[in-house]
Amino acid sequence: MINALRRKLFLLFSCAASLILAAVLSWTFLYNQNQLHRQYELQLTQKMMVLLQTLIQDGRISGPQWAERERQENLIIHIDDNGSIPLFCKRQLAAQAPLRQRLLDLLDAKAQDDFFYPSIWLQTQSSQPNIYSFTEDGVRYYGIKSRVTGHQNCRVSLLQAIPEYYHNQNRQLFTYSLIFICGTALLSALGWLAMGRMLRPIEENRKRQNRFIAAASHELRSPLAVIQTTAYALPGEPEHAARFLTRIEDECARMARLITQMLTLASGDAGGWQISLSEVDADQILAPVYERYEQAALRENRSLLLQLPQKELPRLYCDEKAVLQILSILFDNAFAYTPPGTPLALRCQVEKNKALILVEDHGPGIPAAHKPHIFERFYRSDQSRTDKQHFGLGLSIAAELAAMQYASLTVCDTPGGGATFVLSLPLAGDKKKNHPRKKQAHI
């Protein structure tokens, strides 16, 4: 499903990126062509003005001089007596007469009576003079017509051949096409990587959800199987009905605990938990926890040590109920996963802007390979345990409750053996720095 979504998003991104890149490159190509076109027109206008100035100043038409200029600058110069007698045309370049005449006819057909008057244009500068362009025999030509009045009283036609015009245009097309292909390939590769990175959290959440469902199904299957087997056996052994009913009640209670924890996690995932952060005295948290578990420790022949620093503890910035729930989960696990008679300890110490509450046991400890996973849902480091009171959800709930009040819950080894869970809570004096906003969820 994620791979299909990634392909669809990649296809959508690639098409959009290709269209945008094609639009940008097309606009750039057309803009460059238009600028080049205007450059050719400006050059031809300047050449016409130089030609007219020379014609007016010299007062005569020098055939050899202009023929040489035609050859050097790829020009075609045609001067006639207002359309009747050619003053400079065929005699100098008789070999090119057919093409020359055809080009002049094309210019006459396009321009007709549209003549360029330099004096008027220099006075107004309102617009670019009309330059006419056309293609003949694969060569691009630009042409302009002008009329000289006064002593000369003649008509001038000027054509500029641009033999490299289409070669340069094709070269630009090839360059832009290559840029488009390489750009599309690069954007597509980056898009594929970006889609994968963007969808990675979704894929991880989906995998976690699948693992959660599979583990929940497994945990629910066991009590249901016991209830079903006991219910089948009940009619055949009525003398053991009381024992069978007790077993069913125990399994129902176990299912209720599991469902309650699952609903708690589901509520947290849906944003339904509510955390109310406030300033709290550390004694309000530590004393009730110690008193609650002191009698339980005595029943199991354990020692429960409460160790506090000599200096007065600063006030904490946290949710009192949530912290009490976290510590209850940690002590329930300590009682469940350590043998009777092993000591437990509840310690508190201050480091910089944090208060550290430590729940310490001296049991078998947690192997290093399991430590990164113990806060995952339904994870139990000792899969061989047959304890039915714990489902591997408590530490997940504790870690999420800690994160929602800008605290952290970690685990390390107890010196001499065992595990120590460390709850790091912010101090009240540092709440503005550590907590720019409040987060709400419902316990």
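Colleague: What is the strand order in the open sheet of five strands, and what sort of pairing does it have?
Modeller: In this predicted model, the five strands of the open sheet are ordered β7-β9-β10-β12-β11, and the pairing is mixed.

Colleague: Which strands stand at the edges?
Modeller: The edges are formed by β7 (304-307) and β11 (408-413), each of which has a single partner strand, so one side of each is left without a neighbour in the sheet. On average, and with direction ignored, neighbouring strands of this sheet are turned by 20° against each other.

Colleague: And β9 with β10, how many bridges there, and in which sense?
Modeller: Strand β9 (residues 344-351) pairs with strand β10 (residues 354-361) in the antiparallel sense, over eight bridges. One of the facing pairs puts E351 opposite K354 in β10.

Colleague: Which helix packs on the sheet, and what does it touch?
Modeller: That is helix α9 (residues 394-404), which touches β11 and β12 (419-426), and whose direction makes about 130° with that of β11.

Colleague: How many residues of α9 are buried?
Modeller: Eight of the 11 residues of α9 are buried, so the helix is largely enclosed by the rest of the structure. The buried residues are G394, L395, S396, I397, A398, L401, A402 and M404.

Colleague: What follows α9?
Modeller: Helix α9 is followed by Y406, a residue whose phi is positive, near 60°.

Colleague: Moving on to helix pairs, how do α8 and α9 cross?
Modeller: The axes of α8 and α9 come within 9 Å and cross at roughly 150°, and the two helices are therefore roughly antiparallel to each other. Their crossing is left-handed.

Colleague: Which residues make that contact?
Modeller: From α8 the contact takes A322, Q325, I326, I329, L330 and N333, and from α9 it takes G394, L395, I397, A398, L401 and A402. Sorted by class, the contact of α8 with α9 has nine nonpolar residues, three polar ones and no charged ones. Several of the α9 residues named here, including L395, I397 and A398, are among the buried residues of that helix.

Colleague: What about α7 against α8, at what angle do they pack?
Modeller: Helix α7 (residues 282-299) and helix α8 (residues 320-337) pack at an angle of about 25°, and their axes are 10 Å apart. That angle makes α7 roughly parallel to α8. The crossing in which α7 passes α8 is right-handed.

Colleague: Which residues meet there?
Modeller: On the α7 side they are Q284, I285, V289, R292, Y293, A296 and A297, and these meet E320, V323, L324, L327, S328, F331, D332 and F335 in α8. The residues of this contact of α7 with α8 divide into 10 nonpolar, two polar and three charged.

Colleague: Changing topic, how many residues of β1 are buried?
Modeller: Strand β1 (residues 75-80) is mostly covered, with six of its six residues buried. L75, I77 and I79 point one way from β1, while I76, H78 and D80 point the other way, and all are buried.

Colleague: Which strand is β1 joined to, and by how many bridges?
Modeller: Six bridges join β1 to strand β5 (residues 154-162), and the two run antiparallel. The bridge partner of I76 in β5 is L159, and that of L75 is Q160.

Colleague: Why is β5 described as largely enclosed?
Modeller: Nine of the nine residues of β5 are buried, so β5 is largely enclosed by the rest of the structure. Both of its faces are covered, with C154, V156, L158, Q160 and I162 buried on one side and R155, S157, L159 and A161 buried on the other.

Colleague: And how is β4 joined to β5?
Modeller: Strand β4 (residues 139-148) is joined to β5 by nine bridges, and these strands run antiparallel. K145 stands opposite S157 in β5.

Colleague: Stepping back, how many helices and strands does the protein have, and what share of it is buried?
Modeller: The secondary structure comes to 10 helices and 12 strands, and buried residues make up 40% of the 443 residues in the protein. Among contacts between residues at least 6 apart in sequence, 71% join residues at least 24 apart.

Key. Residues are numbered from 1 along each chain as its sequence is written. This is a predicted model: local features need pLDDT of at least 70, side-chain atom pairs count only at pLDDT 80 or more; totals for chains, interfaces and linings use all residues. Side-chain values use heavy atoms; hydrogens and water are left out. Axes are lines fitted to C-alpha atoms, for helices over the stretch in contact, and angles run from 0 to 180 degrees between N-to-C directions. Helices (H or I, at least four residues) and strands (E, at least two) are DSSP runs, numbered from the N terminus. Angles under 35 degrees count as roughly parallel, over 145 as roughly antiparallel, 65 to 115 as roughly perpendicular and the rest as oblique. A crossing is left-handed if the near helix is turned anticlockwise from the far one by less than a right angle, and right-handed if clockwise. Contact means heavy atoms within 4.5 Å. Ala, Val, Leu, Ile, Met, Phe, Trp, Tyr, Cys and Pro count as nonpolar, Asp, Glu, Lys and Arg as charged, and the others, Gly among them, as polar. Two strands pair if DSSP finds at least two bridges between them. Buried means under 20% relative accessible area, exposed over 50%, partly exposed in between (1.4 Å probe, protein chains only).
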